[in-house]
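I opened a two-chain model today and kept short notes. The entries follow the order in which I looked things up.

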2 protein chains.
Amino acid sequence: MNKYVKHHEWEIIEEGFHPNDNRVYESLMSLGNGSMGIRGNFEEDYSGDSLQGSYVAGVYYPDKTRVGWWKNGYPEYFAKVPNATNFLGLSIKINDEILDLSKAKEVKAFKRILNMKEGYLLRSFTIVSEDERETEIEVKRFISIVSNEIAAIKYSIKPLNYHGEITVCPYLDGDVKNEDSNYDEKFWNEIDKHSTQSFMDLTLETKKTAFRTTWASSFNATINNNFVNIDTDPILKDKYVASSFKIKVSKMDTLTIYKYISVVSNRYYDNNLLEEKAHEFLKEASDKGFEDLFQEHRRAWEKHWSESDIEIKGDIAAQQSIRFNIFQLNQTYTGEDPRLNIGPKGFTGEKYGGSTYWDTEAYCLPFYLSTAPSKIAKQLLIYRYNHLEKAKENAAKLGLRGALYPMVTMNGEECHNEWEITFEEIHRNAAISYAIYNYVKYTEDEYHLAEYGFEVLVETSRFWASRVNYNTYKDKYMILGVTGPNEYENNVNNNWYTNTMASWNLEYTIEVYTLLKEKYPADFYRLTAKLNISKEEIEKWQDIIDKMYYPHIEELDVFQQQDGYMDKEQLMVRDLPEAELPLNQNWSWDRILRSCFIKQADVLQGLFFLNHRFDLATKKRNFDFYEPRTVHESSLSPCIYSIIAGEIGYHEKAYELYLRTARLDLDNYNNDTEDGLHITSMAGTWMSIVYGFGGFRIKDSKLTLSPFIPKTWSSYSFKIMFRKRLLSISIDKENIRVNMEYGEELPIEVYDAYYDLKVNSPLNIIMKR
Amino acid sequence: MNKYVKHHEWEIIEEGFHPNDNRVYESLMSLGNGSMGIRGNFEEDYSGDSLQGSYVAGVYYPDKTRVGWWKNGYPEYFAKVPNATNFLGLSIKINDEILDLSKAKEVKAFKRILNMKEGYLLRSFTIVSEDERETEIEVKRFISIVSNEIAAIKYSIKPLNYHGEITVCPYLDGDVKNEDSNYDEKFWNEIDKHSTQSFMDLTLETKKTAFRTTWASSFNATINNNFVNIDTDPILKDKYVASSFKIKVSKMDTLTIYKYISVVSNRYYDNNLLEEKAHEFLKEASDKGFEDLFQEHRRAWEKHWSESDIEIKGDIAAQQSIRFNIFQLNQTYTGEDPRLNIGPKGFTGEKYGGSTYWDTEAYCLPFYLSTAPSKIAKQLLIYRYNHLEKAKENAAKLGLRGALYPMVTMNGEECHNEWEITFEEIHRNAAISYAIYNYVKYTEDEYHLAEYGFEVLVETSRFWASRVNYNTYKDKYMILGVTGPNEYENNVNNNWYTNTMASWNLEYTIEVYTLLKEKYPADFYRLTAKLNISKEEIEKWQDIIDKMYYPHIEELDVFQQQDGYMDKEQLMVRDLPEAELPLNQNWSWDRILRSCFIKQADVLQGLFFLNHRFDLATKKRNFDFYEPRTVHESSLSPCIYSIIAGEIGYHEKAYELYLRTARLDLDNYNNDTEDGLHITSMAGTWMSIVYGFGGFRIKDSKLTLSPFIPKTWSSYSFKIMFRKRLLSISIDKENIRVNMEYGEELPIEVYDAYYDLKVNSPLNIIMKR
């Protein structure tokens, strides 16, 4: 499939202009730096279809909750990252005719290229007007990953067959809308604005939340690389500021406009400093100039790639897609601010409101753990630690003890309102605890438990202890009325995954309790006093662990997804008519619910998380049972199945499942890339390769590998940052090569054999067939 | 409890003005005639708190559906009976000061009285202005139950201590709002209006549905009963028409305004005839005059009471409440139009949109069967018959065969959108079939089955046959993913009531199939051909009946509400802290769902419906188990429990449960009477007395009685219309007296003994202790 973009190792290329798919390309061509992001919108005016999107990290708006029938405990609002000021804007008129790709007589040689290696967007085309004037345009832009506040645009205009007068009007437009606002509300109020000569700024503030942001911009122009003097006219409108100038350009001359933008919000500076800071950052950037800014930005990307690249030989589509995923993940989250997290669409669209889901802990954390210094992943844990009080309030609202982390959140408060999700998809709590376990296991940062982790573990354990239900008849603890990861079942009893992870959560808390007691007694006493933990409480947790009930299909020796799952008609996905897929677009909800079909990894999610507890035969039995019943209608599903398939030796199946997410956005599989990219599932694709194909695990605190190579690939390689070491792993048809680029000696395991890895002394191991 | 209204045998009395509870009294004082209804609003201007409400039967508006997350199969709209033109309006100014109870210096001797015996509302008070002018007001109004289009008002004004000029402005105001419209929309467009002298009319049309209605009104005035000439000024505004006049009134003179109103909708006449018809009805009414109109109206009520009154001696509060319930039921539905049905709030408020629920079949039908000629109840059945095609479309939407009747509807289309209700509360289908069974059993109108009933039975059976799920492991049919009558459980498997009623539905269909085959062969062949019924289909139904799965609690020999009910923590309502009740206002939804607490009769609803199938010991075991777990947070619940309690000899419990609904609205138990009255549950109260205390049943096609009398009552009596006979049953501490007021000889059973009842030859039977 090669429908949208040309295959290329480092670039995402739109060749020829596709106005009908413009939103898809806008999503694909998004740029971001963790602090802000923009979709691949055009700078010049465009009257065709477009989803204008510009987002400022951490700035959210509490939109009114829309619901049919209100239930007690629903949140009052649904937080979303609102669309913000369009700072790209650069209106162009040539001889008083607006430059607009939608109104051109012809558009020649159109290209939009996202360069992932160096992190910029390039667009070039020749536009032919009704009166046959031809103009060549080239635009390059980037959002700096060195200076978080800065974006820069270089916009070149070359009249090919005429002399003309060109009017250029750079602007900042804050009068934007959100397509999915619940009540067509606009979310920003104007605070201040200025426009003087080639400088402008605009300060807006979100309604209710009062997140104030200043956008400042300056520009200059060259003709054939010589700076020209310009005479500007300021334009001020509601939430809009611009500065316009006219310039005569001769045939074949190149007029280039450099536009610099700084974006500063009161998430980082006091309101009264915002304009000053925005001006300061802007001046620094414009003094540096476009080329120098770009070079430092490019070098930063170079470093990123040196630490996190995955190289695939023999499959250019796979190569392109994995780099695209790594690129987008790095654009979305940088770990610099513990108040930020990873929205399902990152900075590439409005859907899901930019909020945090359990995706972060379950899918994204392993990526950041392995491709960046550990402090980046730690920030994700601190994010949840900082929300602990809110999570306790959330549990109290439901009449329960301890902490229930929200399903969807911006600031720690729950902001989702389907009862079957909000109130019942409680397994998310265990994912928060699992992330702590995962982080500590990976980094050996054991003291994190004393600093942050234990409190979260205790409060989530308290939640489980109050949420379970002791069944006197069966002498078992049960968890009733839940929704598991498979959201195609609602309000079920004893979801195996939830019961398993709840019990695991309690176990791990007790383990950490014992560890702190033995190794960090001072912290132990401080924390047990602070949290008021008694022996009786620990005993109660142990009793729950000992008597937890797990549904099981006896005749098949398979974990049963929930009580009564086997009462359903047992059908296979392969028996479904093509026309009825995806089920969520073709079946009514009740039909989905009472069918045996599974949306996403549920029992298998448990096998993945608690990988070390289950032998291969168990994994195989469960995979064989559940895989044919799974429709993978969540982008988060195939990666988990792929990883398990790889582990149990179903290599072709693993590759087939990997393909289902790898190019999800690039090939617009689900026909929804126009809404934005599936950022969090991109981390799953990364896991499919590193965990799935590479067989990467941490076993008994040791890094282990157990790789295979997909048939169509000739080789692949990936990097792992592990405990202050950088490992480079290359796999081809014959050999596995493991090299440590820096760091101290490390014992590792490959295919159950032990090796001592020393810096720059590569291991060569024969591939297992 | 005597908080809101004075106890009185025939009247509902508000003594003294209660502006803070005005909405409660407005609900209680509602008037209606099955074709229209109004709340107890004031005629004169009132700036205090009020819920203005005026409704035209059968006129509905498809309001946009509001929902958080859309699910496939949801209806596009939610139909509601919109608030319509306020035709009561009569602005009064005295010496240019608006008469407004909310602005008076003092209100003396205020009374608002609903007279149920004669069907009118009376209001009287003396209003004292800031400058000490005292004015006595008396208003009487009624909505004719003889002429469905007519309402009349007599408004008297008497200056007690001054001479003055009084401005009177009768109006029709169609610029009304709906408090619970989803998007603050207004639902009516203006078509036409006129105002000439003492006559005016206003024609509006609902948006989208184009239900056009004309309100016409005329008025005249007397001073001390002598007609006076008046000079009027017409006033025309948007959706508003009025006619104002001034008149000088001397101290102690009585100015009386008679306002007549006709209301005619295009549900009955062509659009181009509406005004003409409205004028015709209006002229007829005003020619007749207020007193004559009232007398014919009063006589019609007299007849109603002679056929349906329940008299209770020794408990005036009980007497008042049962008459209030009978009165409101008769005001709501008259059976004249098969397109109409019974909204949960009748014509007394906006909530629930005036739509039809299964309440009609489950609770209301027995009332109308017993208190009115059988054609009235038959109309309720024809209503559903006429919606059969829509119900088939509804089933098809969910991927199922046959017909699924909607949970909430106006015209046969589903218009509710909580998935757990709309898609899963499918037991409603059996209630539609049960109503047919009930009607035929009661009336012996067997041919109804050939005319209407069988088609409904077949299509509902087909629905069940496609909705069940054959479980190969257990060789049983199951019904998964349902919500039973107890809506405090959602998406459960094998709700005992649903499985039981589904199987019963199939059985009854086969029974009727056999009956038609034997007794009505021509109809049988016509219908089996039309419906394309095969022997295989009947065999399949029989197989489902034979192998239906019923959850059961073995150790207690009790029907289990659903699979897994016994896995819940088994608590009793008596153990709940007072402050946590009602649960639906204090607990989050998930907590309610995973608790064992029951909202309303579920297993017991089945015991009530299929009363003849279960012996007393079974009923007792199930009552003993479920009653302590039931919170009765539906107004429809206690009546069923009360009836079963009566049957199994728990007479005090039966009375206690009866009290929970009997004065629900009069005493505003649930603190929601302000929204309107609980019309459908009023029928349940009637059943509590006739079925519960009276022990009325039809057994082997025979009318049977098995009465007891609550301790605090000295006697009670009720009427039953049964197969063209009118029976009057009186019960005191010693005796049961059964008299047939008209009709042919009837065999009846009292306490298992048989009697032949002859007209006006009362039976006297000793009460069983």
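**Ground rules.** I am working from a predicted model, where local features need pLDDT of at least 70, side-chain atom pairs count only at pLDDT 80 or more, and totals for chains, interfaces and linings use all residues. Residues are numbered from 1 along each chain as its sequence is written, and chains are lettered from A and ligands numbered from 1 in the order in which they are written.

**Chain A overall.** I looked up the secondary structure and found 20 helices and 33 strands in chain A. Helices (H or I, at least four residues) and strands (E, at least two) are DSSP runs, numbered from the N terminus. The radius of gyration of chain A is 27 Å, close to the 27 Å from the globule rule for 769 residues, so chain A is as compact as a globular protein of that length. That radius is taken over C-alpha atoms, and the rule is 2.2 Å times the number of residues to the power 0.38. I read the span of the C-alpha trace of chain A along its principal axes as about 90 × 60 × 55 Å.

Next came burial. Of the 769 residues in chain A, 53% are buried (20 or more other C-beta atoms within 10 Å of the residue's own, with C-beta atoms placed from the backbone). I then checked contacts (C-beta atoms, placed from the backbone, within 7 Å). Among those in chain A between residues at least 6 apart in sequence, 67% join residues at least 24 apart.

**One sheet.** I traced an open sheet of five strands in chain A, ordered β8-β7-β13-β19-β18, with antiparallel pairing. Strands pair if DSSP finds at least two bridges between them. β8 (97-98) and β18 (233-237) of chain A are at the edges with a single partner strand each, so one side of each has no neighbour in the sheet. Inside chain A, eight bridges join β13 (residues 164-173) to the antiparallel β19 (residues 240-249). There I found A:Ile166 opposite A:Ile247 in β19(A).

**The contact.** How many residues does each chain give? I counted 37 residues from chain A and 37 residues from chain B. On the chain A side, β22 (469-471) and α15 (589-594) each supply at least two residues.

Note on methods
Two residues are in contact if their C-beta atoms, placed from the backbone, lie within 7 Å. A residue is buried if 20 or more other C-beta atoms lie within 10 Å of its own, exposed if 12 or fewer, and partly exposed in between; C-beta atoms are placed from the backbone.
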